[in-house]
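Subject: Structure handover

Hello,

Here is the structure for you to look through. Please open it first, then read the notes below.

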Amino acid sequence: MTEVNKRLQELGVKLPDPPDPLGAYVPAIVSGNLLFVSGQLPLKDGNLIFKGKVGADVTPEEAYQAATVSSINALAVIGKETGDFSKFKRIVKITGYVSSAQGFTAQAGVVNGASDFFFEVFGEAGRHARVAVGVAELPADSPVEIEVIAEVEL
Amino acid sequence: MTEVNKRLQELGVKLPDPPDPLGAYVPAIVSGNLLFVSGQLPLKDGNLIFKGKVGADVTPEEAYQAATVSSINALAVIGKETGDFSKFKRIVKITGYVSSAQGFTAQAGVVNGASDFFFEVFGEAGRHARVAVGVAELPADSPVEIEVIAEVEL
Amino acid sequence: MTEVNKRLQELGVKLPDPPDPLGAYVPAIVSGNLLFVSGQLPLKDGNLIFKGKVGADVTPEEAYQAATVSSINALAVIGKETGDFSKFKRIVKITGYVSSAQGFTAQAGVVNGASDFFFEVFGEAGRHARVAVGVAELPADSPVEIEVIAEVEL
């Protein structure tokens, strides 16, 4: 078992099978040292754990959880692409898209649900550059979508 | 004629001249093995083929077409930057921004207009990681904007 | 003093200390030759120079300025990460997120506030690929957020 899997066990996180893409694309592409993970939604056993806009239908606390679950799905993809993390080096960048009700401007706090998770799992290798924005709508009425770029060994 | 050009001819796709940027930037930059293409709109002969928000002014089927036309423009840029595709390796990632009316959550289907196109043209080399989001507004009232990252030979 | 610092002095631009991240992330990550800068807001001395949606609370001219100030902050981060620009090669891509009032579709003009600035400072090395979109909301009610990818020497 790799260090990462030990750490996930300590945190009580069980990685799911990577969710199926919702369209004609693949979960991830490796190009050189960069692993581009497709946008991940807060799916658990095939269902979104929350639906709707943050600040109206979904609370900031629920959205934080949604960002964490999206990140767990991203991590499942990363695990599969890196031989169970044996070639994983670190998280490089995440972009957090938050489906935002009119006037909701606390996107940074929501996307911390992803950032905190990666830091908990990987420590310094989980620190990343980040973009957080509030969008009008997301696929399947998801409150959050998380995109990850990671670095891998060649 | 390269394989890609043969394939485009079979599909009846004629690549236009790459559209002019709408601002103080360039159509694409190559850095290492990565080719970053600027966001492409569904312009044909200088005009957007549809305008407005998907789910209100523009139907999902029209928006799918708009995503395809945006991708044809991205492909024109890629062709120009890769010596008519001689240095092209594959599509790495696309981000599809869909100008979405309140309550429209079928962004994945719209962005398939780009994903399906790249797979039709390139086969496996057209498979990519993907992000699809619904935004509030797009430049010039475009319903769709497609951003592409491709891999090229050094 | 490097060429870049001379040029900034000519332009009357004084780089601030890079703003603190608004969450559990870092201002930038270098991976290979690519420097990924976290999304930058138009902060000056810790405060946003404008707040609200472009086309309603904020004029396009003010938003152009906001894009420039966001870019100055991005440049401060780049300077810090590249040994005061000694390892800087060029700007690769920028993504401009514009918090847009209903019906505001002049995002390209707003994001020119970033594009023009990088060209003024770096000349050809400042030319970049670009994506400009109109989002529903931005962190802290910022009118603009600018994300930059730069190329650096190894």
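In what order do the strands of the open sheet of chain C run? The order is E1-E2-E7-E5-E6, five strands with mixed pairing. Strands (E, at least two residues) and helices (H or I, at least four) are DSSP runs, numbered from the N terminus. Two strands count as paired if DSSP finds at least two bridges between them. Strands of a sheet pair through backbone hydrogen bonds, either parallel or antiparallel.

Before going on, some ground rules. This is a predicted model: local features need pLDDT of at least 70, side-chain atom pairs count only at pLDDT 80 or more, and totals for chains, interfaces and linings use all residues. Residues are numbered from 1 along each chain as its sequence is written, while chains are lettered from A and ligands numbered from 1 in the order in which they are written.

**The sheet in chain C**

Strand E1 (28–31) and strand E6 (129–135) of chain C are the edge strands. Each has a single partner strand, so one side of each is left without a neighbour in the sheet. From one strand to the next, the twist averages 15 degrees. (Axes are lines fitted to C-alpha atoms, for helices over the stretch in contact; angles run from 0 to 180 degrees between N-to-C directions.)

Strand E5 (residues 88–99) of chain C pairs with E6(C) in the parallel sense, over seven bridges. Look for Val98(C): its opposite residue in E6(C) is Gly134(C). Helix H3 (residues 107–122) of chain C lies across E5, E6 and strand E7 (144–152) of that chain. H3(C) runs at about 160 degrees to E5(C).

**Where chain A meets chain B**

Chain A gives 23 residues to this contact and chain B gives 26 residues. Two residues are in contact if their C-beta atoms, placed from the backbone, lie within 7 Å. On the chain A side, strands E1 (28–31), E2 (34–40) and E7 (144–152) each give two or more residues. E2(A) gives the most, with four residues. By class, this side has 14 nonpolar, five polar and four charged residues. (Ala, Val, Leu, Ile, Met, Phe, Trp, Tyr, Cys and Pro count as nonpolar, Asp, Glu, Lys and Arg as charged, and the others, Gly among them, as polar.)

**How the copies relate**

Chain A can be laid on chain B with an RMSD of 0.0 Å, by a turn of 120 degrees and a shift of 0.0 Å along the axis. The two copies are thus related as by a three-fold rotation axis. Copies are superposed by least squares on the C-alpha atoms of residues with pLDDT of at least 70 in both. They use different surfaces: 13% of the contact residues of chain A recur in chain B.

Best wishes
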